[in-house]
Amino acid sequence: MVEKRIQPLARDAMAYVLAGGRGSRLKELTDRRAKPAVYFGGKARIIDFALSNALNSGIRRIGVATQYKAHSLIRHMQRGWNFFRPERNESFDILPASQRVSETQWYEGTADAVYQNIDIIEDYGVEYMVILAGDHVYKMDYEWMLQQHVDSGADVTIGCLEVPRMEATGFGVMHVNDKDEIIAFVEKPADPPPIPDKPDFALASMGIYVFHTKFLLDALRRDAADPTSSRDFGKDIIPYIVKNGKAVAHRFAKSCVRSDFEHEPYWRDVGTIDAYWQANIDLTAIVPELDIYDKSWPIWTYAEITPPAKFVHDDEDRRGSATSSVVSGDCIISGASLNKSLLFTGVRANSFSKLEGAVILPNVKIGRRAQLKNVVIDHGVVIPEGLVVGEDAELDAKRFRRTESGICLITQPMIDKLDI
C-alpha cells in the first residue's frame with residue numbers, strides 16, 4: 001500500500017453528502033423522515049456514518065443536500081454537527097432543495113442536487129470533491145481513495161465493493177481491466193462481469209465518487225444542458241465519463257477502517273426492514289462485525305444528555321435483566337427481560353414483559369406482560385399491556401407490517417387500530 005502523504009489531500013477536499021432520498025423500502029419507518037435520518041445502533045442516525053467518515057478522514061468542509069421530509073434530518077445535524085468553525089477553514093452546509101435554479105424546480109436527481117449548488121462549492125475553492133450517499137453503514141478513510149484518484153490521473157474514482165458475482169445482479173457493476181480502470185458500467189446485470197484477479201467476484205458501486213472539482217463542475221454543466229439527461233450520477237454522469245474519459249475503481253477493502261476485532265470489510269445498505277433489523281441486531285453479538293466501540297474512529301452524533309440506564313426488581317418472575325443486548329441511556333428496565341435486543345434512548349420496559357430480537361427506537365413505552373419477538377418498534381410508540389407479537393404469523397400480518405422472514409414493524413397508527 002502507498003504511504004500516506006505528509007499533507008493529506010483531505011485538507012483540500014469537500015465531502016458532499018446526498019441525503020434527499022426517502023428509502024421507500026423501509027415502509028413506515030420513512031413516513032416521517034428521510035432514510036438518512038433513520039435511527040441506527042442505539043444512538044446514531046444512518047447519516048452519521050458518512051459524516052463521521054468524512055470528519056475522521058480529515059475533511060473539514062461538508063455539504064449535505066436534503067429534500068424528502070428533511071425536518072428531523074436537519075434538526076439532527078443542527079444539534080449534532082454544529083461544531084465546525086469558519087475561522088479554522090471549516091464549514092458544514094445544509095443544502096435543502098430550495099428552488100435556487102427555478103421557482104418550479106426541486107432537485108431532479110443526484111447530479112442536479114450538486115449542480116444547483118455549484119456557486120456554493122466554487123466559493124470554497126476546494127481542489128477535490130468526494131460525493132457520498134448518506135444512507136449506508138460503514139467505516140472508511142476517504143484519504144486513501146483521494147490518493148488513488150490523484151496517483152492514477154483518473155477523471156473519476158468510484159468506490160466499489162467486492163461481492164460474490166451472482167449476488168451483484170442488484171447493483172451497478174463495474175467492468176474493469178487488470179489496472180482497475182473501468183471499461184463499462186452495467187446497471188443490475190443478469191450476468192455480472194467478473195473481477196480479472198477474482199473471477200468469482202464482481203465490483204459493485206458504493207455510490208462514492210471522487211473528482212477534481214473543476215472536472216466535476218464542467219461535467220455537471222454539460223449534463224444540465226442535455227435535455228435527455230435524468231440528472232443522475234449513476235445513470236448519466238458516470239456512464240459518460242466511462243465512455244469518454246478515465247474512470248478508475250477503488251476497492252473498499254483498501255480504505256475500510258477496521259479495529260482489531262473486525263476481520264472483514266463491513267458495509268451495509270440497511271434499506272429494507274429485514275436488513276435494518278439484522279444490522280442493528282448484529283451489534284448485540286459478543287464480537288460484532290461492526291465495531292462501534294472503536295475510539296480511533298468514532299461515530300459522531302448528537303450526544304443527548306441523559307441519565308444512565310437502570311435495571312430494577314429482583315423477584316423470581318419479575319427481574320430487570322438483559323443478555324446479549326445493547327441498552328442506551330435513560331432506559332428503565334423495570335422487571336422486564338431482554339435477550340438479543342437493542343434499545344435506543346429513553347425506552348421504558350415494564351414488569352413481566354419479554355423482548356427477544358427487538359429493535360426499539362427512542363422513547364417507546366412497553367406495557368406489562370407484553371411479549372415481543374423479532375420486532376422493530378418506531379419512535380414514541382406505546383405498546384399496550386399484554387400485547388403478543390412473534391407467535392402467530394397470520395395475526396401479526398393483519399395487525400402490523402410483517403416481512404416474509406418474520407420481522408414485524410410496529411408504529412403508533414398500527415397500535416391505535418388494535419381492538420384491545
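Author: On a 1 Å grid laid over the protein atoms alone, a cavity is a set of points where a 1.4 Å probe fits but cannot get out, whereas a pocket is an open set with protein on both sides within 12 Å along at least five of seven lines; lining residues have an atom within 4 Å of a point. Grid points are joined across faces, edges and corners, and a volume is the space filled by probe spheres set on the points. This is a predicted model, in which local features need pLDDT of at least 70 and side-chain atom pairs count only at pLDDT 80 or more, while totals for chains, interfaces and linings use all residues. Residues are numbered from 1 along each chain as its sequence is written, and side-chain values use heavy atoms, with hydrogens and water left out.

Reader: How many cavities of 30 Å³ or more does the rule give, and which residues line the largest cavity?

Author: Rolling a probe the size of a water molecule over the atoms shows where empty space is left. Here the count is one cavity of 30 Å³ or more; the largest cavity has a volume of about 40 Å³, and its lining consists of Ala111, Asp112, Tyr115, Leu220, Asp223, Ala224 and Arg231. Two or more of these residues come from each of α3 (110-115) and α6 (213-224), where helices (H or I, at least four residues) and strands (E, at least two) are DSSP runs numbered from the N terminus.

Reader: What is the make-up of that cavity lining by residue class?

Author: Ala, Val, Leu, Ile, Met, Phe, Trp, Tyr, Cys and Pro count as nonpolar, Asp, Glu, Lys and Arg as charged, and the others, Gly among them, as polar. The lining of the largest cavity then has four nonpolar, no polar and three charged residues.

Reader: Which residues are closest to the centre of the largest pocket?

Author: The largest pocket holds about 1,300 Å³ of space, and of the 42 residues that line it, Thr110, Ala133, Asp135, His136 and Asp232 are the closest to its centre. β11 gives the most to this lining, with four residues, and by class the lining of the largest pocket has 14 nonpolar, 17 polar and eleven charged residues.

Reader: From which domains does the lining of the second largest pocket draw at least three residues each?

Author: The second largest pocket, with a volume of about 980 Å³, draws at least three lining residues from each of domain 1 (9-284) and domain 2 (310-416), the bounds coming from an automatic or database domain assignment. The largest share of its lining, four residues, comes from α2.
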